[in-house]
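Subject: Structure to look through

Hello,

Here is the structure I promised you. Please open it first, then read my notes below.

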Amino acid sequence: MINQIKGLHHVTSMAADAGQNNAFFTGTLGLRRVKKTVNFDAPEVYHLYYGDETGTPGSVMTYFPFGRMPRGRRGTGEVGVTEFAVPEGALPWWKERLAAQGVSGLAEGRSFGEARLDFAGPDGDSFALVESAARGRTPWTGAGVPEDAGVLGFRGARMRLRDAGATAELLGFMGYSRDDSDGAVTRYRIEGGNAADTIDIEELPGAGAAAQGAGSVHHIAFAVENRAAQLEVRKALMDTGYQVTPVIDRDYFWAIYFRTPGGVLFEIATNEPGFDRDEDTAHLGEALKLPTRYEPLRGKIEALLPEIAA
Ligand code: ZN
């Protein structure tokens with residue numbers, strides 16, 4: 001077992017329309033856009049990052065808005081629900097706000113003793129707001145969201161798998177322990193990490209496989225403090241038989257990726273250097289930042305990218 005993982009770092013999903021995606025996360029949910037950059041492999045596509053004031057690991061939802069892209073189909077082998085934490089007592093406020101803004105799929109419920117409000121994103125993405133203790137986190141109160149309702153960061157993520165076994169074993173190896181079960185959902189939690197410390201597995205043996213598209217989670221990233229810890233994790237995973245990519249510089253963190261037995265793509269990302277490495281905290285996410293190799297093409301790239309609101 002390894003002990004370097006500290007909970008979630010970010011969740012990356014795919015969207016159709018960049019403007020709609022930006023409006024939903026900064027407007028409806030009131031998160032802060034902490035980086036406006038482009039996909040490393042497709043620089044005509046944005047990579048948009050939303051989170052708290054500084055994009056603290058464990059708060060960062062990121063998107064590739066691919067333009068005209070078919071919607072994904074929900075199923076097994078994917079992250080089924082991305083869960084955000086909100087302060088205790090905040091759900092009635094959110095229910096009213098989301099309903100007033102025409103958000104679909106609103107459903108109140110409880111799981112693992114926590115009140116939750118499930119809802120759909122602009123591309124049918126599955127989200128939930130879950131009432132949780134603040135645990136030292138500070139919400140970014142954009143777009144008129146009051147302090148006592150603001151999103152604190154992630155609560156966790158729920159994977160839907162045909163067979164939980166091998167993935168549960170992997171989570172154990174990564175430092176998660178089995179916590180509790182609620183129906184077909186089993187919760188795994190990591191000690192000593194950040195507040196985004198739960199992964200739930202919903203086992204659906206009879207369900208069809210997911211097909212990725214707009215509204216699908218592309219991968220989830222787990223946090224490690226620094227590059228040394230990341231190398232230790234990489235070696236441990238490879239010694240266990242996982243095929244892990246080399247370390248890739250993603251400008252705001254270093255990343256390694258590997259495919260898990262249940263089909264979900266995992267990333268291990270460093271907490272260093274962070275989103276303020278190339279802009280002041282006061283102006284995060286305002287200017288278009290390009291990976292160095294694309295800087296000579298800035299004019300062309302800017303002409304291809306759709307306008308999105310500040
Ligand atoms: Zn990532």
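In which sense do strand β1 and β4 pair, and over how many bridges? They pair in the parallel sense, over six bridges. Keep in mind that this is a predicted model.

Start with strand β1, residues 5-15. Threonine 12 has its bridge partner in β4: threonine 62.

Now turn to strand β3, residues 46-51. β3 and β4 run antiparallel, and three bridges join them. Find threonine 62 in β4 again: tyrosine 49 stands opposite this residue.

Strand β4 covers residues 60-65, and six of its six residues are buried, so the strand is largely enclosed by the rest of the structure. "Buried" here means under 20% relative accessible area. In a regular strand, side chains alternate between the two faces of the sheet. In β4, both faces are covered. Val60, Thr62 and Phe64 are buried on one side. Met61, Tyr63 and Pro65 are buried on the other.

Last, the metal site. Which residues are the protein donors of the zinc ion? They are His10 through NE2, His219 through NE2 and Glu267 through OE. These donors lie 1.9 to 2.0 Å from the zinc ion. Their spacing in sequence is H-x208-H-x47-E.

Best wishes

Methods
Residues are numbered from 1 along each chain as its sequence is written. This is a predicted model: local features need pLDDT of at least 70, side-chain atom pairs count only at pLDDT 80 or more; totals for chains, interfaces and linings use all residues. Side-chain values use heavy atoms; hydrogens and water are left out. Buried means under 20% relative accessible area, exposed over 50%, partly exposed in between (1.4 Å probe, protein chains only). Helices (H or I, at least four residues) and strands (E, at least two) are DSSP runs, numbered from the N terminus. Two strands pair if DSSP finds at least two bridges between them. Donors are N, O and S atoms within 2.8 Å of the metal (3.2 Å for Na, K and Ca); water is not among the atoms, so sites may look incomplete.
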